[in-house]
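Hello,

Here is the structure we talked about. My notes follow below it.

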Amino acid sequence: MSYVDEIYERVVKQNPAQPEFHQAVKEVLDSLRVVIEANEDVYRREALLERLTTPERQVLFRVPWVDDKGQVQVNNAMRIQFNSAIGPYKGGLRLHPSVNLGIIKFLGFEQIFKNSLTGLPIGGGKGGSDFDPKGKSDREVMAFCQSFMTELSKYVSTDTDVPAGDIGTGAREIGYMYGQYKRLTTKYEGVLTGKGLSYGGSLARTEATGYGLLYLTDEMLKCNGVDIKGKTVAVSGSGNVAIYAIEKAQQLGANPVTCSDSTGWVYDPEGIDVALLKEVKEVKRARLTEYAAQRPSAQYHDKASEGTNQWEIKVDIALPCATQNELNIDDAKKLVANGVIAVCEGANMPTTADATEFFQASKVLFVPGKAANAGGVATSALEMSQNSERLSWTFEEVDAKLKDIMVNIYHNIDDASKKYGMEGNYVAGANIAGFLKVADAMMAQGIV
């Protein structure tokens with residue numbers, strides 16, 4: 001049995017009932033076979049893959065808090081500090097009922113390679129809780145966040161682990177967490193990113209993941225002889241990533257026509273009205289039914305009653321920006337039948353393994369999230385730099401650095417795919433480019 005297959009079996013055996021983590025490990029290791037087999041003796045001796053697929057530290061804890069009725073509630077929470085070979089752990093905090101150990105480990109594992117691809121000195125980590133901020137009052141969210149940070153503060157610092165936002169963790173939640181960290185430690189430091197502009201946050205951080213997704217998509221299309229102008233785009237999700245992907249797509253001359261939330265999706269052939277979408281989602285925190293009610297050209301589709309999604313629309317480019325495994329093989333077949341030319345992941349692993357393989361077999365340009373959505377963590381690292389220097393860069397400065405990083409990521413994964421005889425396979429290119437830097441650092445630092 002090959003070293004790759006041995007490690008995958010080991011991961012499955014040691015991490016039962018964690019299918020998302022198994023999926024992420026398999027996808028990475030399969031695309032690394034050519035590199036691993038060329039260095040198998042050394043990697044085996046150093047147990048490199050065993051160490052790479054095992055978190056350096058896993059912190060599991062409870063979060064007790066009191067709701068508005070005076071009832072004590074208890075949530076599960078965790079922080080997975082996966083790999084610090086090239087820098088302090090860096091990765092978001094997800095607040096969502098679906099959060100479990102397998103999902104956080106998958107996200108933390110992916111973060112290792114994503115962070116490596118940015119070229120910045122940040123390692124991989126992830127955390128979160130099964131707490132759901134939806135439907136909670138500001139006071140309840142504050143009570144949870146303060147209790148959460150009371151425990152988490154023992155394991156994070158500017159040079160050890162710098163968490164950020166993620167699904168369910170926006171500016172409000174980051175603010176409450178930061179206030180509690182400062183209260184507990186008496187330190188005013190950049191221990192969290194995604195902070196408000198008045199207390200150390202970075203301009204362009206909110207836009208970064210969505211903008212970065214489009215910078216990479218545009219560069220990839222250009223290098224393959226395609227102009228993004230005039231192309232029709234399907235986007236899933238309606239959070240920060242989706243909103244600012246839609247905004248930047250429009251700025252680049254494309255026409256994004258869909259967005260979605262947990263209950264339904266909108267098709268707007270005239271193009272998504274970004275100002276209205278921001279009003280509905282960022283200000284009112286409402287459902288997309290309200291967008292459709294105010295936009296005559298929009299058609300709302302209920303997922304539960306219709307069983308449909310935005311991938312049924314004929315588009316040139318698909319940008320899944322919602323959550324893991326949202327785009328399956330049936331969706332992929334519909335997109336390909338309708339002539340899609342490119343799929344770039346705005347979310348983390350939103351495309352199932354068989355759908356990814358189908359896109360690649362169909363010669364669709366496909367870029368995985370660890371490369372395509374790295375703009376968020378890249379700008380978080382830029383926020384860390386600004387905090388360390390006690391500086392605040394302009395929006396234009398941050399945006400320019402973001403664009404450079406995303407363009408470089410595309411060329412790095414393209415070069416890696418060509419070097420190892422897999423030209424156009426950007427999944428392999430991303431994994432190889434991200435892996436080689438981390439592997440070199442791990443080997444240099446000894447058995448730790």
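Predicted model: local features only at pLDDT ≥ 70, side-chain atom pairs only at ≥ 80, totals over all residues.

**Helix packing and a pocket**

Helices α17 and α18 (residues 395–419) pack at an angle of about 135 degrees, with their axes 10 Å apart; axes are lines fitted to C-alpha atoms over the stretch in contact, and angles run from 0 to 180 degrees between N-to-C directions. Helices here are DSSP runs (H or I, at least four residues), numbered from the N terminus.

Residues are numbered from 1 along each chain as its sequence is written, and side-chain values use heavy atoms, without hydrogens and water.

α17 (residues 375–389) also gives the most to the lining of the second largest pocket, with seven residues. A pocket is an open set of points on a 1 Å grid over the protein atoms alone, where a 1.4 Å probe fits, with protein on both sides within 12 Å along at least five of seven lines; lining residues have an atom within 4 Å of a point. Its lining has 25 residues, with M384, S385, Q386, N387 and S388 nearest the centre.

α9 (residues 205–223) and α10 (residues 240–251) pack at about 50 degrees, with axes 7 Å apart. That makes α9 oblique to α10.

Regards

How values were computed. Helix = DSSP H or I, 4+ residues; strand = E, 2+ residues; numbered from the N terminus. Parallel < 35°, antiparallel > 145°, perpendicular 65-115°, else oblique.
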